[in-house]
Amino acid sequence: MTEHTPGISGLISDEPIIFEVGSPGRKAYSLPSCDVPDVEIETLLPPGEIRDTIDGLPELTELDVVRHFTRLSQWNFSIDTNFYPLGSCTMKYNPKINETMARLPGFAQHHPMTPDADSQGSLQLLFELQECLKTISGMDHVSLQPAAGAQGEFAGMLMIKAYHDAKGNPRKKVLLPDSAHGTNPASATLCGYKSVQLPSNAEGLIDVAKLEAAMDEDTAAIMLTNPNTLGMFEKDILKITDIVHKKGGLVYCDGANLNAVMGITKMGDMGIDVLHINLHKTFSTPHGGGGPGAGPVCIKDILEPYLPAPVVEKSGSKYRLNADRPQSVGRLKSFNGNFGMLLRAYAYIRTLGPEGIKQVAQSAVLNANYIRAKLKDTFHLPFNGPSLHECVFNDKGQGITTMDFAKALIDHGFHPPTVYFPLIVKGALMIEPTETESKETLDGFIAAMQSIAKKGQEDAESFHSSPNLAKVTRPDEAQAARNPKLRWPGHAR
Ligand SMILES: *Cc1c(COP(=O)(O)O)cnc(C)c1O
């Protein structure tokens, strides 16, 4: 333990579940007395629509309910409370101005069925966000519909398939480096492709010779990530895209790591044909806890006919949604995608401007390299090339395992980094600080990592029960995932 543990670790209170508290007859609401005659429910609704009485619903006062949920909310770990260095996820701070903008009544209360003529402000915002993302990515067109990075991948692969289909041969395979995020092969598979794994070279990059050998005219595309999931820039990217294009294939780039390079270089200049962007990572919209995301997909001109419909267009000074696109892969999401997320990303981009966007990338890279430099004498770096926005250590030579480190960090008030990913690093500890963290926060994290490593060498045993200060310490994770208890026995469902 560091001497001073900030925030959540001091919160040792206990909270029963809501079904265990309350008392019959208590109510959290009051209604005015009825001023119309009573009517039997059976005369209003068909029998199938009438629910049986529910036994065992909690009965509490308004204050009981408020306290219960407020206390639970205080157990939440969030970027607004502590450092959250979850690698690959870019858990950056969401500036509050974005929230203020999202709550402007003209946006927040705008009904998605409103005709285009009365939605000009919202459509203009979507159009301008598309333009911003085109500039940042160097791509030609953008669809804002996908609700997550994974759905952006799916949309991109559908377009690649439509492109090959139109040429008369959909092809069969997709190449993927062995460091790829799991959603990449999943998206390729959903589109009917067979995933072919490309082994990384000793530097942790795509092996160009192996790619050259694997690429053939049955291969529809390569799905790569740049910078890759080891936080390294694919320095041979121009050769890679050239090899794929020469055999008639297309290049998909997973843009989840755009935070490392935006404002500095453009994927569109590297031979990328399709790119998805995670607005909930790079552009600060909140994520975690299953909240809504946004994974716009950006493409080059050759794929334009297949773009998901509708597309936001501008003609003269008017904006409109164009759904008349016969070759489109179709609609991916109701209305205009997760509009609230798009709005926050737009506010973020416009607040920073081009210089600010570039500084974000520079500071993200600086912060990751600071952690790397400070921890490289204590932790093994399986791939020791220059890193960008994240760095990947492992537990080689430590007295305790990666899982022990993750759990022990919780006692120090830090969220664990990403563990055991990417899969090509045994016992990986993948740390992504993001640009929004101060030197003091990084120093605190570094000190915690060093102190855990030291104690782990001396007394490994003592870590087997950590975290000791958390509400839940070491649950049986396999049971929790496969056999979750979602209902309180004998109570309402
Ligand atoms: C987060 C991430 C994804 C998936 O994005 P979601 O928005 O979670 O669907 C894909 N690839 C990489 C490298 C990622 O970090």
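Biologist: Is Glu-203 buried, exposed or partly exposed?
Modeller: Buried means under 20% relative accessible area, exposed over 50%, and partly exposed in between (1.4 Å probe, protein chains only). Glu-203 has 40% relative accessibility, so the class is partly exposed.

Biologist: What kind of model is this, and how are residues numbered?
Modeller: This is a predicted model: local features need pLDDT of at least 70, side-chain atom pairs count only at pLDDT 80 or more, and totals for chains, interfaces and linings use all residues. Side-chain values use heavy atoms, without hydrogens and water, and residues are numbered along each chain as its sequence is written, from 1.

Biologist: Which parts does the pair of Glu-203 and Lys-235 tie together?
Modeller: Their side chains meet in a salt bridge (a side-chain nitrogen of Lys or Arg within 4 Å of a carboxyl oxygen of Asp or Glu), at 3.7 Å, N to O. The parts are 32 residues apart in sequence. Helices (H or I, at least four residues) and strands (E, at least two) are DSSP runs, numbered from the N terminus. Glu-203 lies in the loop between β3 (194-198) and α7 (208-214), and Lys-235 in the loop between β4 (219-225) and α8 (237-246).

Biologist: Which helix holds both Glu-131 and Lys-134?
Modeller: These side chains meet in a salt bridge, 2.9 Å from N to O. Glu-131 is partly exposed at 30%, and Lys-134 is partly exposed at 24%. The two are three residues apart, about one turn, in helix α4.

Biologist: What is the relative accessible area of Asp-207?
Modeller: Asp-207 forms a salt bridge with Lys-210 (3.8 Å, N to O). Lys-210 is partly exposed, at 41%. Asp-207 is buried, with a relative accessible area of 17%.

Biologist: How many salt bridges does a search of the whole structure find?
Modeller: Some are linked: Glu-99, Arg-103 and Arg-344 form a network. The search of the whole structure gives a count of 19.

Biologist: Are the rings of Phe-379 and Phe-393 stacked, edge-to-face or tilted?
Modeller: Rings of Phe, Tyr and Trp (its six-membered ring) pair if their centres lie within 6.5 Å; planes under 30 degrees apart are stacked, over 60 edge-to-face, and the rest tilted. By this rule there are nine aromatic pairs. In this one the centres are 5.8 Å apart and the planes at 55°, so the pair is tilted.

Biologist: Which strand holds Phe-393?
Modeller: Both Phe-379 and Phe-393 are buried. Phe-379 lies in the loop between α10 (339-375) and β10 (391-394), and Phe-393 in strand β10.
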